Amino acid sequence: MSDAVAIAVLALIAGGLSLDTTAAFQVMVSQPLVAGAIAGLALGDVATGLVVGTTLQLVWLGVLPVGAAHFPDAAVGTVVGVGVAGLLSRGAGGGGGWPIAFGILAALGVGAVGQRVVLALRRVNVRFSDLARSRAEASDASGVAKAVVLGLALRFFCGAALAAAGLVILLPILRAVPLGGGSDVFPTALWAAPIAAAAFAARPRAGLERACLAAGFAVGMLVLRGW
Amino acid sequence: MSQAGTERGGVGGLRAAERLSILMRSFLIQSVWNARGMQNVGFCFAMLPLVRRLDDTDAVRGYLKRHLELFNTNPALSCYALGAAAAAEASGEPERAVDAKRALAGPLGMAGDSLMWGALRPLAAVVGASLALAGRAWAPLALVAVYNVPHLALRARGIVAGAAGGPSAAREVLGRPFCRVVTAVRAGGALGAGFVLAMAVSGGEGVTLSKVAVSGALFVLVVAALRLRIPLTLIGAGGAVGGVALMLLAAS
C-alpha cells in the first residue's frame, strides 16, 4: 500500500471513528485502544496500533467527553499516531522506539488541534439547529432529519480532513529527522501507566479509589512477581 | 397533540416499532450538539416517529417546537427521558412531555455522566489496557464489551421503563442503590489502574530500582500536575518527550 492510499484509508477511518466520540453511537470504538487497533489493522501492522493505542488510552484515561467539556479528539489523534508510527517504521526498516515515540507525540498534537475543531463544529451546529427550527415553523419535520445528516456529515468530513492534513504535514517532517542507531528502549508503558494511575488518584473525593489503586498495585506486583 | 396521538397499543401507548425507532435514533442524540440548544435537534429527531400520528400542520409545528427546546443529558440515560416524553405525547398530554424532559435532564445527566464516563469507561479502559499489555490482541474487543453490555442494556431499559412509568421510572438510576453501583465500578477501575501500574513496573526486564524510581516520581509529578489543573494531553506530551530524551540518552 502506497503512502497516498494509506493516508486516504486512514482519513476515512478517522472520519468514521470521530463520529463515535460524541456525535453518534458512543459505543467506544473511538477509544484510543480500539481506534489504534483498527488503524493498525488497516495498515497491516496491528502490533504498532496496539502499542500506540494502549499508551494513548492510558494517557487520556482521565479525559471525559461530557456535555460542554473541552476534550482532545482522541480518535483522530490515535489514527494519525498509528499512521505516523506505521508509515515511519516502514521507511526506517522495521519498528522500534522512534516511530512509536513520534506517533504518540503526533497523536497528542493532532488530538489537541481536534479539540479546537470540535469547538468550532459546535458553533456551526447552531446554524443547523436554526435550520431545524425554521423548518419547524413551517410544520416541516424533514428539517430536523436534514440538520442531523448535515451535523454527522460535517463531523465526518472534519475528522477525515484533520487526519489527512496531520499525516500529509507530519510524515515528511518526521522522515527528515536524522535518527541515530536503532533504539528499542522507548519505555512506553513505564510513563503512561503512572499517568493513568495518577488520573484516578487525583480525582476529588477519591478516598476509596486511592485505596483500591494501592491494593491493585500491591496485588499486581505480588501476582506478576510470582508471590 | 391532536387526537391522532392517543392511539392505543404497546408500552405507554407506544408500539414496539415506535419504541425501537426511538431507541435507534437515540444513538444520534448528540449529532447536532450545539451551544444554544445542546441536544435539542437530536432529541427532536429521536421523537420523530410519533409525528406520523399527527394529522394537522398546527399540531406538527407545536410538536416540533416543543422538542426543539433546549435539552441536555447523558446520552446513555437519555432513553428514560425519551420514553417518558414519548408516552406523554402518545397519550395526548404535551405539557406532561415537556415537564418530563425538564424534570429528568439534569438528574439523568449527573447520574449518567458519573456512571458511564466517570466509572464504566475508565473500568473498560483499564481492562482493555491491561489485556493489551499482557499481549492479548483481542484487548480492544474486551474494552468494547465491558462498556457496551451495560450501556446498551440501559438504553433499551430506559425506553421501556420511561414509557411505562414516566419520569418516576428514572428513580431506578437515581437512587442510593445506583450510587453504590457507581462507587463499586469506580473502585474496580482504580483497582485495575493499580494493576496496570504494577504491569508497567514489573514488565519487560523485571523490577529494577530505576524503573520503580522513575514510575514513582512520575506518579507524584502527575498527581501534582493534575491538582494544578494542567491538562492530561500536556502531561502526556511531557511524558512522551521525556521518553524521547531517555532514548537519546540510551542511543548515545
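Author: A charge sits over a ring if NZ of Lys or CZ of Arg is within 6 Å of the ring centre and within 35 degrees of the ring normal. In chain B, R155(B) lies over the face of F27(B), at 4.4 Å from the ring centre. The model is predicted, so local features need pLDDT of at least 70 and side-chain atom pairs 80 or more, while totals for chains, interfaces and linings use all residues. Residues are numbered from 1 along each chain as written, chains are lettered from A and ligands numbered from 1 in written order, and side-chain values use heavy atoms, without hydrogens or water.

Reader: Over which ring does the charged end of R25(B) sit?

Author: Over that of F45(B), 4.5 Å from the ring centre.

Reader: How many aromatic pairs are found over all chains?

Author: Rings of Phe, Tyr and Trp (its six-membered ring) pair if their centres lie within 6.5 Å; planes under 30 degrees apart are stacked, over 60 edge-to-face, the rest tilted. The whole structure has three such pairs. One of them, W117(B) with Y147(B), is stacked because the centres are 6.3 Å apart and the planes at 25°.

Reader: Where do W117(B) and Y147(B) lie?

Author: Helices are DSSP runs (H or I, at least four residues), numbered from the N terminus. W117(B) belongs to helix α5 (residues 94-133) of chain B and Y147(B) to helix α6 (residues 139-165) of chain B, so the pair ties together parts 30 residues apart in sequence. Both W117(B) and Y147(B) are buried (under 20% relative accessible area, 1.4 Å probe, protein chains only; exposed is over 50%, partly exposed in between).

Reader: Is A187(B) buried or exposed?

Author: A187(B), in helix α7 (residues 176-202) of chain B, is buried, with a relative accessible area of 12%. Leaving aside neighbours within four places in sequence, A187(B) is in contact with L208(A), E209(A) and C212(A) (heavy atoms within 4.5 Å).

Note on methods
Helix = DSSP H or I, 4+ residues; strand = E, 2+ residues; numbered from the N terminus.
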